[in-house]
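Try each task yourself before you read its solution.

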Amino acid sequence: MKPKLLQIIKHRDQELKNGQIFKDVIAGIIVAIIALPLSIALAISSGVAPEKGLITAIIAGFFISFLGGSRVQIGGPTAAFVVIIFGIIQKHGLDGLIMATIMAGILLVIFGICKFGSLIKYIPYPITVGFTTGIAITLFTTQVKDFLGLQIDKVPSEFLPKWASYFAHLNTINYMAFLLGAIALIIMIVWPKINKMIPGSLVALIVITLAAYLFKLNVPTIGSTFGEISSKIPGITVPKVDLETVIKLIKPAFTIAILASIESLLSAVVADGMIGKKHNSNMELIGQGVANIASGLFGGIPATGAIARTAANVKNGGRTPIAGITHAVTLFLIMIIFMPLAKYIPLTVLAAILMIVSYNMSELKVFKAMLKGPKSDVIILITTCLLTVIFDLVVAIEIGMVIAMFLFMRRMANNLEVNMMDSDECAEFTELNGIDTSNIGKGIVVYEIEGALFFGAVDTFMDAIKKIDSESSVLILRMRHVSMLDATGYKVLKNIEEKCNKDNIKLVMSGVNDQPYKVMKNMGMVKRLGKERFNRKFKDAVILSNRLISE
């Protein structure tokens with residue numbers, strides 16, 4: 001495994017020719033402008049100082065592009081982490097968050113080394129949409145206080161108590177903050193129709209900040225809330241935590257690692273579709289891991305691939321990791337030069353920016369469309385969304401996966417079909433279920449099984465063949481459409497074998513696929529029956545059955 005940047009340089013890909021480097025630099029600068037207000041807003045909403053967001057976008061963004069497995073991935077703080085980070089800080093403080101970020105980075109590196117990147121395909125789509133919509137709802141909720149300028153000393157972290165607190169303090173609304181926030185929303189909604197090159201969030205940020213500063217408006221700002229803002233990247237520091245705290249941080253770190261894996265790989269897949277290339281999922285996880293370790297060491301917060309910023313990179317001509325590196329360098333220069341001015345930014349405009357972000361990430365159209373899908377998918381979708389909002393992401397994914405597995409097994413069990421043919425039917429028809437029955441002699445019974453023969457489908461199978469005619473001489477089990485056999489399914493086949501031995505019925509297998517055959521061989525059935533009883537072709541099984549009857 002090699003980082004995508006090194007692969008491109010080594011093979012001197014076409015992407016480095018025909019002026020592509022210049023296009024990547026321009027795309028990186030544009031994405032940095034988009035990331036600037038988002039990074040600050042996400043940091044504040046997460047409960048950390050504004051500069052922490054920029055530090056994360058600079059440090060983590062650089063390593064995600066430099067060591068990642070995607071050509072165009074843009075990394076940094078994302079909205080999905082806001083609720084998780086806020087909860088960790090409340091329980092374990094800033095040092096706990098930094099340690100959890102470093103631990104999550106280590107886990108991500110392990111995921112990549114162990115080649116877990118392909119496991120993303122086993123997470124059902126309804127779960128992904130469900131927790132994404134749930135995170136969007138939660139993120140929107142966290143912005144209400146600053147958007148309305150409510151005076152609340154400590155906002156509850158839980159969803160329902162948070163809204164209760166908002167309603168209890170409605171009499172403290174800062175109407176000027178609300179007005180500025182509303183104007184910011186209007187600007188971000190209307191501006192893309194005027195100009196698509198300059199992000200509406202940046203325009204809203206500049207316009208509202210200038211208005212608040214020039215007219216001396218009484219609204220909460222970054223400076224009035226957080227004081228002076230640092231424009232320097234701190235040196236490497238390792239937080240002081242004890243073993244007991246580290247143990248408590250295992251679950252939060254695992255949560256960060258899982259979410260970072262899912263979001264970054266989903267972003268990489270979306271980007272692949274846009275540029276017609278393929279990312280290396282395991283290298284991407286390693287890059288994400290190193291990025292989070294570095295972010296934590298420099299006092300930053302968790303980071304992952306950002307779908308919106310990655311898409312903006314592609315749309316503006318970015319095709320290599322040079323764009324992502326440029327984005328990080330540009331943010332570094334902006335931080336050094338302009339960060340002191342950030343203290344004049346009203347909190348309400350940052351809340352408005354994140355409200356737009358939450359709407360865009362909510363996938364409401366997809367959510368509504370999926371409500372018309374299969375009932376099992378709807379159950380998973382709604383359950384995951386509600387659990388994400390009311391509890392947390394880990395609970396939502398765990399329970400969502402369990403429900404998805406049970407519903408999948410139920411669907412597979414219901415799809416098992418067992419069709420029976422006896423010699424009387426075969427004498428009446430020359431073909432049944434696509435089978436030539438002209439040579440099937442008297443005393444032969446055929447059961448054709450279609451579907452996976454596993455523990456969830458055993459009852460269906462037993463109900464279909466529980467009455468094996470004891471007067472029959474040969475039982476043929478046609479298993480060409482049985483793709484999987486587990487130990488429970490084998491136990492049923494063994495019971496059938498024992499009943500056949502008891503009633504002096506010869507058991508013959510036809511069309512057994514590799515996996516079921518391997519199970520039956522390893523567990524002794526092939527040896528007991530003899531290899532001659534296992535026939536790839538049905539006609540050979542019929543010939544053998546006729547011979548067994550005549551003997």
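**Exercise 1. Is S376 buried or exposed, and where is S376 found?**

Step 1: S376 has 14% relative accessibility, so S376 counts as buried (buried means under 20% relative accessible area, exposed over 50%, and partly exposed in between, with a 1.4 Å probe and protein chains only).
Step 2: S376 is found in helix α18, residues 375-390. Helices are DSSP runs of H or I with at least four residues, strands are runs of E with at least two, and both are numbered from the N terminus.
Step 3: Leaving out residues up to four places away in sequence, S376 touches L407 and R411 (contact means heavy atoms within 4.5 Å).

A word on the ground rules: this is a predicted model, in which local features need pLDDT of at least 70 and side-chain atom pairs count only at pLDDT 80 or more, while totals for chains, interfaces and linings use all residues. Residues are numbered from 1 along each chain as its sequence is written, and side-chain values use heavy atoms, with hydrogens and water left out.

**Exercise 2. Describe the surroundings of I58.**

Step 1: Look in helix α3, residues 50-67, for I58.
Step 2: With a relative accessible area of 7%, I58 is buried.
Step 3: Beyond its neighbours within four places in sequence, I58 is in contact with I233, A328, L331, F332 and M335.
Step 4: Now compare sequence and space: I58 and G324 are 266 residues apart along the chain, and their C-alpha atoms are separated by 9.8 Å.

**Exercise 3. Which residues touch the most other members of the largest nonpolar core?**

Step 1: A nonpolar core is a set of buried Ala, Val, Leu, Ile, Met, Phe, Trp, Tyr and Cys residues joined through side-chain atoms within 4.5 Å.
Step 2: The largest one has 93 residues, and I222, L331, V349 and L350 touch the most other members.
Step 3: Take L331: setting aside neighbours within four places in sequence, its contacts are A32, A35, L36, L54, A57 and I58.
Step 4: Apart from this core lies another, of 28 residues, including L493, I496, M509 and L529.

**Exercise 4. How many helices and strands does the chain have, and how spread out is the chain?**

Step 1: Count 25 helices and nine strands.
Step 2: The radius of gyration is 31 Å, well over the 24 Å that the globule rule gives for 551 residues, so the chain is more spread out than a compact globule. The radius is taken over C-alpha atoms, and the rule is 2.2 Å times the number of residues to the power 0.38.
Step 3: Along the principal axes, the C-alpha atoms fill a box of roughly 105 × 60 × 55 Å.
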